Amino acid sequence: MITVKSLSKSFGRRTLWSDLNLTVPGGQMLAVTGPSGAGKSTLLNCVGLLESPTSGQILYEDVDITRFGRRAGRRFRRDVLGYLFQSYALVENATVADNLEIAVTARRDRRSRYHDALERVGLTGRGKEKVHHLSGGEQQRVALARLLVKRPSLVLADEPTAALDSDNAAMVLDTLRGMSDAGCTVIIATHSYYIHGRCDATFEIGAPRHGT
Ligand SMILES: Nc1ncnc2c1ncn2[C@@H]1O[C@H](COP(=O)(O)OP(=O)(O)OP(=O)(O)O)[C@@H](O)[C@H]1O
Ligand SMILES: [Mg+2]
């Protein structure tokens, strides 16, 4: 479970949001919506420890992750978190297999996980290809396979289907839905009504108030 308490974020004198409160039960799939610039990506980045909020708390299983030091933060990212971005966030000059290895270093069952994941995203036999030779939809499927291999407890997805055709978008959503049904908490920042419809709940962030 994620509990966001009285969270605020300012860039310089500009307050993006203040007193944001949100509870995401374990296994829920939540859509975060709101106009462009409302701070959806920033909220995901705060939960993913890529940015720090200005004040407030983010509790994961009752522990305030905003107070994590470097080591605890690294452990949280390694053991709990999975990311999915519009821009895939793959190592483009490496192979599909190498990108999946990144998710599973030091896991004994990695071979079977790896083959299962590639099969589930329709990339069986493509492991040796360089990622930058793949299409956008295929690259997002590699990112998805990386999540399937890693099996995180919390997935943060920022506009994960924005650059995809409807077939690839459906595969992304089906996979995230499956992970959520298996107990993984999934938070998706999105403008897509298709995604809203497949989530369990929606959290809307209003437009930022200028000058406050
Ligand atoms: N590091 C930063 N420094 C200054 N301003 C920033 C920084 N990061 C984000 N912002 C500002 O915060 C606001 C919210 O950005 P954010 O990317 O979170 O919005 P968003 O809701 O995800 O928008 P979109 O729907 O377009 O993706 C924007 O006005 C952006 O310029
Ligand atoms: Mg965004």
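Visitor: What is the strand order in the open sheet, and what is the pairing?
Guide: The order of the five strands is 6-7-8-3-9, and the pairing is parallel. This is a predicted model.

Visitor: What makes strand 6 and strand 9 stand at the edges?
Guide: Strand 6 (81-85) and strand 9 (201-204) each have a single partner strand, so one side of each lacks a neighbour in the sheet. From one strand to the next, the twist averages 20°.

Visitor: How do you know that strand 7 and strand 8 pair?
Guide: Pairing needs at least two bridges. Strand 7 (residues 154-158) and strand 8 (residues 185-189) have five bridges, in the parallel sense. Therefore they count as paired. Alanine 157 stands opposite isoleucine 188 of strand 8.

Visitor: Which helix packs on the sheet against strand 6 and strand 7?
Guide: Helix 5 does, and its direction makes about 170° with that of strand 6.

Visitor: Why is helix 5 called roughly parallel to helix 6?
Guide: Helix 5 (residues 136-150) and helix 6 (residues 166-181) pack at about 10°. Angles under 35 degrees count as roughly parallel. So helix 5 is roughly parallel to helix 6. Their axes lie 10 Å apart.

Visitor: Which residues of helix 5 and helix 6 meet?
Guide: Gly137, Gln140, Arg141, Leu144 and Leu148 of helix 5 meet Asn168, Met171, Val172 and Thr175 of helix 6. By class, this contact has four nonpolar, four polar and one charged residues.

Visitor: What makes up the shell around ligand 1, by class?
Guide: Four nonpolar, six polar and one charged residues. Helix 1 (residues 40-47) gives the largest share, three residues. Among the surrounding residues are Phe11, Leu16 and Lys40.

Conventions: Residues are numbered from 1 along each chain as its sequence is written. Chains are lettered from A and ligands numbered from 1 in the order in which they are written. This is a predicted model: local features need pLDDT of at least 70, side-chain atom pairs count only at pLDDT 80 or more; totals for chains, interfaces and linings use all residues. A residue is near a molecule or strand if its C-beta atom, placed from the backbone, lies within 6 Å of it. Helices (H or I, at least four residues) and strands (E, at least two) are DSSP runs, numbered from the N terminus. Ala, Val, Leu, Ile, Met, Phe, Trp, Tyr, Cys and Pro count as nonpolar, Asp, Glu, Lys and Arg as charged, and the others, Gly among them, as polar. Axes are lines fitted to C-alpha atoms, for helices over the stretch in contact, and angles run from 0 to 180 degrees between N-to-C directions. Angles under 35 degrees count as roughly parallel, over 145 as roughly antiparallel, 65 to 115 as roughly perpendicular and the rest as oblique. Two residues are in contact if their C-beta atoms, placed from the backbone, lie within 7 Å.
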